[in-house]
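Here is a short briefing on one protein chain. Please look over the sequence and the structure before reading on.

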Amino acid sequence: MDLFDAELGGRDEPEAGEGRGCSWVTVVILGIFVLLAALAHALFGWARDLLSAVFS
């Protein structure tokens with residue numbers, strides 16, 4: 001995977017050649033953060049629904 005290539009504007013150094021790429025560890029970590037964000041969004045939605053049912 002080449003997410004940080006100089007031709008795509010990913011680096012500011014003019015001497016930057018072809019990008020080294022992005023490791024699979026980075027992709028997995030980003031995926032975990034996305035899943036955690038989706039889980040937190042769902043949990044806060046459920047809590048809002050529960051509290052609105054209790055206090056209305």
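The points below cover fold, surface and charge pairing.

This is a predicted model. Of its 56 residues, 9% are buried. A nonpolar patch and one salt bridge are the features to look for.

**Fold and exposure**
- Helix 1 spans residues 24-54.
- The chain exposes about 5,000 Å².

**Nonpolar patch**
- A nonpolar surface patch covers about 1,000 Å².
- Its members are Val25, Val28, Ile29, Leu30, Ile32, Phe33, Leu36, Leu39, Leu43 and Trp46.
- Trp46 lies in helix 1.
- Trp46 counts as exposed because its relative accessible area is 56%, and the cut-off for exposed is over 50%.

**Salt bridge**
- A search of the whole structure turns up one salt bridge.
- The side chains of Arg48 and Asp49 form a salt bridge, with N to O at 3.6 Å.
- That distance qualifies because the cut-off is within 4 Å.
- Arg48 is exposed, at 58% relative accessible area.
- Asp49 is partly exposed, at 42%.
- Asp49 falls in that class because 42% lies between the cut-offs of 20% and 50%.

Conventions. Residues numbered from 1 in each chain as written. Predicted model: local features only at pLDDT ≥ 70, side-chain atom pairs only at ≥ 80, totals over all residues. Heavy atoms only, no water. Patch = residues over 30% accessible without salt bridge, like charges linked within 9 Å, V, L, I, M, F, W, Y side chains within 5 Å. Areas by Shrake-Rupley, 256 points an atom, 1.4 Å probe, with all protein chains shown as cover. Helix = DSSP H or I, 4+ residues; strand = E, 2+ residues; numbered from the N terminus. Buried < 20%, exposed > 50% of the residue type's maximum accessible area, 1.4 Å probe, protein only.
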